[in-house]
Amino acid sequence: QVQLAESGGGLVQAGGSLRLSCTASGGTFISDTMGWFRQPPGKEREFVAAISRGGGSTVYADSVKGRFTISRDNAKPTVYLQMNSLKFEDTAVYYCTARNFGFSVVTTGYDYWGQGTQVTVSS
């Protein structure tokens, strides 16, 4: 069974940067789409960013456009999320996701989920 493992979370001051990584292991991994969701304290999980298998198509939530960049390396395979100009409201548990076939930006559209990594931004 495919498993996803995130890393790179931590505590950072507002205006700082973090780079999240997520590596897949444990089975056949197709992943037409890989992405990131986040869940702020007391709120529902929300879409952050997604990227196609070839890396040619990316989609970002309006709240992170211009600040976050998603990328992937299919040889590992790994997906990254570079987060710049972090704000207090970016504080959340960030989850790595993958969809075998097709594209999705909704929580129910993905086949695999990581355990999450905590990102805390101090004001």
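**View 1. Four salt bridges are counted in the structure.** A salt bridge is a side-chain nitrogen of Lys or Arg within 4 Å of a carboxyl oxygen of Asp or Glu. This is a predicted model, in which local features need pLDDT of at least 70, side-chain atom pairs count only at pLDDT 80 or more, and totals for chains, interfaces and linings use all residues. Residues are numbered from 1 along each chain as its sequence is written, and side-chain values use heavy atoms, leaving out hydrogens and water.

**View 2. Salt bridges link R38, E46, R67 and D90 in a network.** The closest N and O atoms of E46 and R38 are 2.7 Å apart. For D90 and R38, the closest N and O atoms are 2.9 Å apart. D90 lies in the loop between β8 (78–83) and β9, and R38 in strand β4 (residues 33–39), 52 residues apart. Strands (E, at least two residues) are DSSP runs, numbered from the N terminus. Both D90 and R38 are buried. Buried means under 20% relative accessible area, exposed over 50%, partly exposed in between (1.4 Å probe, protein chains only). E46 is partly exposed, at 30%.

**View 3. D62 pairs with K65 in a salt bridge.** Their closest N and O atoms are 3.1 Å apart. D62 is exposed, at 66% relative accessibility. K65 is partly exposed, at 48%.

**View 4. C22 and C96 form a disulfide.** A disulfide is a pair of cysteine sulfur atoms within 2.5 Å; here they are 2.0 Å apart. C22 sits in strand β3 (residues 18–25) and C96 in strand β9, 74 residues apart. C22 is buried, at 0%. C96 is buried too, at 0%.

Note on methods. Helix = DSSP H or I, 4+ residues; strand = E, 2+ residues; numbered from the N terminus.
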